[in-house]
Amino acid sequence: MFQSLIDVILPVFLVIGAGYLATRRGYFQASHVDGLMKFTQSFAIPCLLFRAIATLDLSASFDPRLLISFYTGAAICFSLGIIGARLIFKRDWEDCVAIGFCCLFSNSVLLGLPITERAYGADNLTGNYAIIAFHSPFCYGLGITVMEIVRNKGAGGFATVRSVFSAMFKNVLILGIALGFVVNLSGLWIPQAVDEALSLVIRAALPTALFALGGVLVQYRPEGDLRAIGFVCAISLMVHPALVWSMGSALKVQPDLFRSAVLNAAMAPGFNAYIFANMYGRAKRVAASSVLIATGSCILTVWLWLLILG
């Protein structure tokens with residue numbers, strides 16, 4: 001089991017490390033890294049989300065108890081992240097929301113899917129796909145709403161609502177997901193040539209994003225933010241899965257869905273945590289370092305949760 005976790009997570013670190021070394025040695029400049037970030041954030045990842053939702057089997061079992069357990073736990077962790085960043089680390093409110101988002105967004109695709117598949121088999125991923133279908137809309141919807149409320153303090157209710165909707169519909173990740181649902185629910189057919197083109201772009205999305213993250217870490221080292229980073233890691237890797245375990249047990253979520261919920265909750269903050277911080281220019285060093293350090297810590301913490309789940 002321990003070896004399988006290393007087999008899944010080590011390649012991720014190798015790609016991040018390659019980006020870090022290439023940037024640190026001067027083969028990539030900051031402007032090159034920014035270009036890669038722009039490509040992944042504004043084009044490749046939206047394509048990945050669009051195709052994933054467009055081809056998702058929505059008739060699969062979406063157990064409300066599963067979604068309530070996972071997303072209630074996520075929302076609580078978001079709140080804990082904001083409160084802790086404010087009261088413990090004395091960050092300003094916009095930084096607090098970005099740090100809270102790091103506690104909210106689990107890496108359900110890059111880590112959650114392969115680890116669950118290795119642990120329980122490809123036939124036990126229904127819960128994973130149900131969570132992934134709502135993950136970005138829920139997390140970005142919550143994060144953007146709270147951030148826009150904070151940024152528009154005193155501007156009035158209508159102005160805040162307008163700002164939230166404007167930010168939501170300008171977010172290409174949300175648009176990609178929304179268009180995916182339109183195609184899926186309408187039964188529209190994606191032409192083969194277009195689908196092949198999407199596949200080419202999608203294959204570049206995650207490795208390019210991880211490589212760019214390595215370059216970003218050269219700029220945002222963890223000095224001075226280690227306590228905040230440790231706080232994010234603790235909430236993401238231990239508190240969130242513990243909350244999902246408690247609620248899932250109380251709601252009697254069926255075993256295969258329960259395992260998926262707990263394991264997804266136990267994943268490190270996803271790359272979208274940095275995308276959100278970068279989008280608003282807030283707590284970027286905490287977000288980038290939390291993604292890296294928490295992903296490394298997953299080797300031990302996910303192993304622990306797998307042992308607990310049996």
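D95 sits in helix α4, while R282 sits in the loop between α12 (271-280) and α13 (284-309), so the pair ties together parts that are 187 residues apart in sequence. Keep in mind throughout that this is a predicted model.

**Stop 1: around D95**

Stay on D95 and show the whole of helix α4, which covers residues 93-104. Is D95 buried or exposed? Its relative accessibility is 10%, so D95 counts as buried, because buried means under 20% relative accessible area. Now display what touches D95, leaving out neighbours within four places in sequence: the contacts are R282 and A283.

**Stop 2: R285 and D225**

Next, select R285 and D225. Their side chains meet in a salt bridge, with 2.6 Å from N to O. R285 belongs to helix α13 and D225 to the loop between α9 (192-219) and α10 (226-251), so this pair ties together parts that are 60 residues apart in sequence. Which of the two is buried? D225 is, with a relative accessible area of 8%. R285 is partly exposed, with a relative accessible area of 32%.

Salt bridges that share partners join R91, D92, E94, D95, D225, R282 and R285 into one network. How many salt bridges are there in the model? The count comes to 9.

**Stop 3**

Move to helix α6, residues 126-151, and select R151 and E148. These two residues form a salt bridge, and their closest N and O atoms are 3.6 Å apart. Both lie in α6, 3 residues apart, which is about one turn of the helix. An α-helix has 3.6 residues a turn, so residues three or four places apart point the same way. E148 is buried, with a relative accessible area of 5%, whereas R151 is partly exposed, with a relative accessible area of 46%.

**Stop 4: a covered helix**

Now select helix α11, residues 255-265. How many of its 11 residues are buried? The number is 8, and the helix is mostly covered. Colour the buried residues of α11 to see them together: L257, F258, S260, A261, V262, L263, N264 and A265. To see what lies over them, show other helices as well. The cover includes α3 (64-87), α5 (108-120), α6, α10 and α13.

**Stop 5: a nonpolar patch on the surface**

Switch to a surface view and select F165, F169, V172 and L175. These residues form a nonpolar patch on the surface, with about 370 Å² of accessible area together. Which helices supply at least two residues each? They are α7 (157-170) and α8 (172-186). F165, for instance, lies in α7.

Follow α8 to L185, which is found in this helix. L185 has a relative accessibility of 66%, so L185 counts as exposed, because exposed means over 50%. L185 and A54 are 131 residues apart in sequence, yet their C-alpha atoms are 8.2 Å apart in space.

**Stop 6: the whole chain**

Clear the selection and zoom out. The chain has 13 helices and 0 strands. Its C-alpha atoms fill a box of roughly 50 × 45 × 40 Å along the principal axes. With 310 residues, a compact globule would have a radius of gyration near 19 Å, and the chain, at 19 Å, agrees with this.

Of the 310 residues, 52% count as buried. Among contacts with a separation of 6 or more, 85% are between residues 24 or more positions apart. Finally, show the surface again: the accessible surface comes to about 13,700 Å², and 66% of this belongs to carbon and sulfur atoms.

Conventions: Residues numbered from 1 in each chain as written. Predicted model: local features only at pLDDT ≥ 70, side-chain atom pairs only at ≥ 80, totals over all residues. Heavy atoms only, no water. Helix = DSSP H or I, 4+ residues; strand = E, 2+ residues; numbered from the N terminus. Contact = heavy atoms within 4.5 Å. Patch = residues over 30% accessible without salt bridge, like charges linked within 9 Å, V, L, I, M, F, W, Y side chains within 5 Å. Areas by Shrake-Rupley, 256 points an atom, 1.4 Å probe, with all protein chains shown as cover. Salt bridge = Lys/Arg side-chain N within 4 Å of Asp/Glu carboxyl O. Buried < 20%, exposed > 50% of the residue type's maximum accessible area, 1.4 Å probe, protein only. Rg over C-alpha atoms; globule rule 2.2 N^0.38 Å.
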